[in-house]
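Here is a short briefing to read alongside the structure. Keep the viewer open, and let's walk through a few helices and a few backbone details together.

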Amino acid sequence: MRLTLLLFLVSVSVSGQAEEPLLRAGDRVALLGGTFFEQMQSAGALEAEIQCRRPDWKLSFRNIGWSGDDVHGVARKRFDGPEDGFKRLLQDIETADPTVVLVAYGFAEASDGIESAKRFESGLTQLVEAVTTPTRRVILVSPIAMPGYRVKDYDQAMQICLQAVQRVSQATGTPAVSVKWNPSDTELNQQRLLPNAYGYQAFARQIADPLVGGQPCQQPHPDLVDLVVQKNQLFFHRYRPQNETYLLLFRKHEQGNNAVEIPQFDPLIEQADKAIWDAAATNR
């Protein structure tokens, strides 16, 4: 089956195969996507794996995944129309201030059916063109089929999304990474809709190869994982503060003065990055 073959391929392409790691020393990486990426925050596996492999690169990561999100940013809208969700998506990227945006969409689009999958390519093209700048790179991540949810024609919709990622990659000169990972039941949550901690670790080991190369981290130190999770929590409160309605929106006349505290998370997050680098340096 063509979908199965696609899922078992590992490819990194910019009109061909990439030989050098896609990330560079000093990069700040925004992880942009839907539920698959947002839930990664509490696992800490991806960053721990990468930091363990390249402790001297001093990389930093900002997770701006949003559960239920698609390439159009619809889940991010607040009280306005769907187009405002895309504006919020772009705003979230600016808050993360990355040099690289790792884009993982197509998961929700495939689950929403054929028509949604057909709209995916134009939306991904729009996103890549909006996000790429002379100082900001984009890396695409092909979606992965999860075994616990199958709408009608799911396999066909997933294939449409996979092919769309490759076409956008070729058309825009953007690297695209496909991960060779067929999750087992022991790597999935109870609903088999998302990876569990073991699954995210397996995914991390696969995607770290094209991103940073190096030797797999045999046993990430628990302290390193904990530090990553703590940093992720700090940044989550920075870019998605509680009570946004009162702080920033139509009820800000009541508590909007407290919005000045939001940027105060920034030095705490930077300190957390340094703690991660120190822990990574002693991990190997």
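This is a predicted model: local features need pLDDT of at least 70, side-chain atom pairs count only at pLDDT 80 or more; totals for chains, interfaces and linings use all residues.

**Helix α7 and what follows**

- The buried residues of α7 include Y154, A157, M158, Q159, I160 and C161. Further along, L162, A164, V165, V168 and S169 are buried as well.
- An α-helix has 3.6 residues a turn, so residues three or four places apart point the same way.
- Just after α7 comes G173, whose phi is positive at about 70 degrees.

**How α6 sits against α7**

- Helix α6 (residues 114–131) has an axis that comes within 9 Å of the α7 axis, and the two cross at roughly 20 degrees.
- Angles under 35 degrees count as roughly parallel, so α6 is roughly parallel to α7.
- The crossing of α6 past α7 is right-handed.
- On the α6 side, the contact is made by I114, A117, K118, F120, E121, L124, T125 and V128. On the α7 side, the partners are Q156, A157, I160, C161, A164, V165, R167, V168 and T172.
- Sorted by class, the residues of this α6 and α7 contact are eleven nonpolar, three polar and three charged.
- Several α7 residues in this contact are also buried, among them A157, I160 and V168.

**How α3 sits against α12**

- Helix α3 (residues 45–53) packs with helix α12 (residues 265–281) at an angle of about 60 degrees, and their axes are 8 Å apart.
- α3 and α12 are therefore oblique to each other.
- α3 passes α12 in a right-handed crossing.
- From α3, the residues E47, Q51 and C52 meet I276, W277 and A280 of α12.
- The contact of α3 with α12 has four nonpolar residues, one polar and one charged.

- Most residues other than glycine have a negative phi.
- K58 has a positive phi near 50 degrees and is not a glycine. You will find K58 in the loop between α3 and β3 (60–63).
- Is K58 buried or partly exposed? K58 is partly exposed, with a relative accessible area of 45%.
- R192, also not a glycine, has a positive phi of about 60 degrees. R192 lies in the loop between β6 (176–178) and α8 (197–212), and its 33% relative accessibility makes it partly exposed.

Technical notes
Residues are numbered from 1 along each chain as its sequence is written. Side-chain values use heavy atoms; hydrogens and water are left out. Buried means under 20% relative accessible area, exposed over 50%, partly exposed in between (1.4 Å probe, protein chains only). Helices (H or I, at least four residues) and strands (E, at least two) are DSSP runs, numbered from the N terminus. Axes are lines fitted to C-alpha atoms, for helices over the stretch in contact, and angles run from 0 to 180 degrees between N-to-C directions. Angles under 35 degrees count as roughly parallel, over 145 as roughly antiparallel, 65 to 115 as roughly perpendicular and the rest as oblique. A crossing is left-handed if the near helix is turned anticlockwise from the far one by less than a right angle, and right-handed if clockwise. Contact means heavy atoms within 4.5 Å. Ala, Val, Leu, Ile, Met, Phe, Trp, Tyr, Cys and Pro count as nonpolar, Asp, Glu, Lys and Arg as charged, and the others, Gly among them, as polar.
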